[in-house]
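Subject: Structure handover

Hello,

Here is the structure I promised to pass on. Please open it first, then read the notes below.

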Amino acid sequence: MPDVKADKLLGIGLYTPAEASRLLRIPGGKIVRWLSGHHIGGRHYEPLWTPQVDIGDGRTYLGFRDLIELRTAHAFMEAGISAVMIRRAIVEARRYVNDERPLSTSTFKTDGRSIFFEIATDDGDPKLIDLFKRQFVFKRIIEASLRGVDFENSVPARWWPVSRDKGIVIDPERSFGQPIESHTGVPTSVLAAAAKAEGDVDRAAMLWHVSPTAIRRAVEFEDSLKAAA
């Protein structure tokens with residue numbers, strides 16, 4: 001973790017590309033290329049957007065909004081939309097959404113063939129604008145890329161990476177956006193490490209003054225990340 005004043009990161013979160021890769025299951029090299037720009041075949045590709053966090057050491061870091069924006073951008077690419085088109089969509093969408101990271105706002109949608117964002121019409125019927133053809137189409141919801149995300153005023157506020165029932169949340173207002181057990185607020189990495197060190201869930205729970213359920217949730221989540229690596 002870089003040396004940076006903690007108060008600068010409150011409510012923003014902080015992730016290295018490796019940490020983001022672990023959470024999003026996107027190769028770290030891709031994350032760096034998308035957020036730092038790169039050259040291929042003698043052509044330069046600009047970053048998709050400027051990350052929230054700049055430590056000043058020349059390396060790439062992400063904030064929570066970057067994390068969710070990347071999750072959405074990656075889902076678009078998996079649906080066959082190129083990075084070039086996504087960059088164009090971001091530029092266009094900023095004009096309408098008034099947000100530097102429009103893909104992760106709750107109004108943004110895609111049908112897998114083109115990119116749309118949702119607007120409210122005068123008759124109250126939500127519709128989607130095709131950012132490239134600039135045509136209105138009726139609402140077609142594909143929300144998988146934003147599943148598990150809580151929004152406040154259309155902006156991502158927290159992410160339940162498995163499901164709300166599993167009790168693990170990523171919230172930039174808590175523990176600098178690291179995955180935590182939601183009831184205790186303790187990072188899952190800490191609880192899982194305690195369980196491993198003690199070799200016993202109940203003893204780890206007693207030492208950390210949390211429930212055995214919290215320990216098990218953390219261990220299950222951390223194990224799932226390792227299994228997907």
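The notes below go from the whole chain to single residues.

**Ground rules**

This is a predicted model, in which local features need pLDDT of at least 70 and side-chain atom pairs count only at pLDDT 80 or more, while totals for chains, interfaces and linings use all residues. Residues are numbered from 1 along each chain as its sequence is written, and side-chain values use heavy atoms, with hydrogens and water left out.

**The whole chain**

The chain has 7 helices and 10 strands. Helices (H or I, at least four residues) and strands (E, at least two) are DSSP runs, numbered from the N terminus. Of its 229 residues, 44% count as buried. Buried means under 20% relative accessible area, exposed means over 50%, and partly exposed is in between (1.4 Å probe, protein chains only).

The accessible surface comes to about 12100 Å². Carbon and sulfur atoms hold 50% of that surface. These areas come from the Shrake-Rupley method with a 1.4 Å probe; for residues, only the protein chains shown count as cover.

Contact means heavy atoms within 4.5 Å. Take the contacts between residues at least 6 apart in sequence: 50% of them join residues at least 24 apart.

**The largest pocket**

The largest pocket has a volume of about 270 Å³. Of the 16 residues that line this pocket, the closest to its centre are Leu 23, Arg 25, Pro 161, Val 162 and Phe 221. On a 1 Å grid over the protein atoms alone, a pocket is an open set of points with protein on both sides within 12 Å along at least five of seven lines; a cavity is a set where a 1.4 Å probe fits but cannot get out; lining residues have an atom within 4 Å of a point. Grid points are joined across faces, edges and corners, and a volume is the space filled by probe spheres set on the points.

Which helices supply at least two residues each of the pocket lining? Helix H1 (17-24) and helix H7 (212-228) do. H7 gives the largest share, 5 residues. By class, the lining has 10 nonpolar, 1 polar and 5 charged residues. Ala, Val, Leu, Ile, Met, Phe, Trp, Tyr, Cys and Pro count as nonpolar, Asp, Glu, Lys and Arg as charged, and the others, Gly among them, as polar.

**The cavity**

The whole structure has 1 cavity of 30 Å³ or more. About 30 Å³ of space lies in the largest cavity. Its lining is Arg 33, Trp 34, His 38, Glu 46, Leu 48, Ala 83 and Arg 87. Helix H2 (28-36) and helix H4 (83-97) each supply at least two of the lining residues. The lining divides into 3 nonpolar, 1 polar and 3 charged residues.

For the contacts below, neighbours within four places in sequence are left aside.

Leu 191 sits in helix H5 (residues 188-198). Leu 191 is buried, with a relative accessible area of 0%. Among its contacts are Trp 208, Val 210, Ile 215 and Ala 218. Ala 218 is 27 residues away along the chain, yet the two C-alpha atoms are separated by 6.1 Å.

Leu 24 is in H1. Leu 24 counts as buried, at 11% relative accessibility. Its contacts are Leu 67, Leu 70, Arg 71 and Trp 159. Leu 67 is 43 residues away in sequence and 7.8 Å away in space, C-alpha to C-alpha.

His 74 lies in helix H3 (residues 64-78). At 16% relative accessibility, His 74 is buried too. His 74 is in contact with Ile 26 and Trp 34.

**A hairpin, and positive phi**

Strands S7 (residues 149-152) and S8 (residues 155-159) pair in the antiparallel sense over 4 bridges. Two strands pair if DSSP finds at least two bridges between them. Val 149 stands opposite Trp 159, and Asp 150 has Arg 158 as its bridge partner. The hairpin has 2 residues between the strands, and Asn 153 takes a positive phi near 55 degrees.

Most residues other than glycine have a negative phi. Arg 25 is not a glycine but has a positive phi of about 60 degrees. Arg 25 is found in the loop between H1 and H2. His 209 has a positive phi of about 55 degrees. Its place is the loop between helix H6 (201-208) and H7. Is His 209 buried or exposed? At 73% relative accessibility, His 209 counts as exposed.

Best wishes
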